[in-house]
Amino acid sequence: MAAETVDSTAAAAQRPGSVRVHVRAALRRAAPALALFAAVRCAGVLCTALWAWHTGRHPRNLLGATWDSNWYLGVARYGYGSPAPHHMWPPDHLADLAFFPLYPGLVRGVSAVLPVGALDAGLLLAWTASAVAAWGIFAVGAHLYGRRAGTFLVVLWALLPHAVIESLSYTEPLLTALAAWALYALLTDRPLWAGALAVLAGLARPNGLAVAAAVMVAAAVEMTAAGRSRRRGDGPYRPVLRRARPLWPYWAAALTAPAGWLGYVLWVGARTGAGPLGYFQVQEIWGSRFDFGRDTLRSVKRLFLHNEPLVQHLAAAVVAVAILLLVLLVLDRPPLPLLAYTAVLVVMALGGTGYFPSKPRFLLPAFPLLVPAAVALARARPRSVVLATGSLAVLSLGYGVYLLTLAPLPL
């Protein structure tokens, strides 16, 4: 059955207009999941807008010009090296080099083509990226675990406590979209597409390097399997296909996947005059470095010794649940590229210093963590599903408003 699907897809790709038909069919298949995602996120935007009006703030500014959004908008409008937006900390003229260029570049391009300013262009891009990410998450989930599990995977991603990020002018939705479709490309044997998306992911965020890791692991798996097959002399190493595939696309994907991340890091080093380590010196301006999780443990310890705000406690809860879900994902034995991507994201999020309340945001692209819960909901009774998703909706919508309007710490 799988071989027939692969062969029919390859044949369809050679027919005129078949790509368009295939995309439409895939979109129709994902429509229920996308409709649920849109309903949840629209409800979140509505709650935020109502509270913003209640407090005398404009919803557009709250969603499009909050914390890091101002830095991205500053780069989009004036380029790197401009003064800190609205006298934000830190005032160093190199501080904005910590923000990767893909999103501000897209904002500048959209505002140049459409009759909208940078703020509206940023929101348009973020919301579009969130929808594309939801589609990609469904594609991965449905491919591995079935359509119902894929739908619940999207719903759970939309109902995360910190899912309000999916409606803000932040780069996590863009990275998630690129990562989800790169993983889907790997799962469906399209390594060159995955490599190209990994390059873009590396230009989107520092943890976009996780997508490159997934591509390189996929290439290593394919090459190892090919070597074993040749030694045994048992023909094609992937019986699901009717003929052995060439390995050069995997070599090419593995070599090009980290190019986006590495290229920007080296450019920052040249811009600062500090060489290859220049980017990491810029991160030091923000107090950010990799310490293997020691600062994260200190932050958790402070929760028991001091009176910390709610956002700190919720961040600790999300971190604890993420670690548990990672263990469950490992026990589920998913494809190695999926596991590598998720593990690298978790290690980068928890191993870095500072900004403990932002840890849940850094984990937002790690949607495979939700696979065990999505599979469980797909098998659960309707009453249990309603109770679980309803409770998550109340938490997500309420906490999202709190994060944007009441939380004393930046997202």
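Is R205 buried or exposed? R205 is buried, with a relative accessible area of 8%. This is a predicted model.

**Salt bridges around R205**

- The structure contains six salt bridges.
- One of them pairs R205 with E172, and their closest N and O atoms lie 3.2 Å apart.
- The two partners come from distant parts of the chain, 33 residues apart: R205 sits in the loop between α9 (191–204) and α10 (209–232), while E172 belongs to helix α8 (residues 172–187).
- E172 has a relative accessible area of 0%, so E172 is buried.
- R205, at 8%, falls under the 20% limit and therefore counts as buried.

**Other salt bridges**

- D68 and R361 form a salt bridge through their side chains, with an N to O distance of 3.3 Å.
- This pair also joins distant parts of the chain, with D68 in helix α4 and R361 in helix α17, 293 residues apart.
- D68 and R361 are both buried.
- A further salt bridge connects D291 and R298, whose closest N and O atoms are 3.8 Å apart.
- D291 is buried at 3% relative accessibility, whereas R298 is partly exposed at 41%.
- Through shared partners, salt bridges join D68, E172, R205 and R361 into one network.

**Second largest pocket**

- The volume of the second largest pocket is about 880 Å³.
- Its lining comprises 32 residues, of which R205, P206, Q283, S288 and F362 are the closest to the pocket centre.
- Two or more lining residues come from each of α4 (68–78), α13 (278–285), α16 (336–351) and α17 (359–362).
- Sorted by class, the lining has 20 nonpolar, seven polar and five charged residues.

**Largest nonpolar core**

- The largest nonpolar core has 118 residues, and those touching the most other members are V107, W157, L183, V211, Y341 and F367.
- Helix α6 (residues 118–145) is the biggest contributor to this core, giving 14 residues.
- Apart from neighbours within four places in sequence, F367 is in contact with I137, V140, L153, W157, T176, A180, L183 and Y341.

Definitions and conventions. Residues numbered from 1 in each chain as written. Predicted model: local features only at pLDDT ≥ 70, side-chain atom pairs only at ≥ 80, totals over all residues. Heavy atoms only, no water. Core = buried A, V, L, I, M, F, W, Y, C linked by side-chain atoms within 4.5 Å. Buried < 20%, exposed > 50% of the residue type's maximum accessible area, 1.4 Å probe, protein only. Helix = DSSP H or I, 4+ residues; strand = E, 2+ residues; numbered from the N terminus. Contact = heavy atoms within 4.5 Å. 1 Å grid on protein atoms, 1.4 Å probe; cavity = no way out; pocket = protein on both sides within 12 Å on 5 of 7 lines; lining within 4 Å. Points joined across faces, edges and corners; volume = space filled by probe spheres on them. Nonpolar A, V, L, I, M, F, W, Y, C, P; charged D, E, K, R; others polar. Salt bridge = Lys/Arg side-chain N within 4 Å of Asp/Glu carboxyl O.
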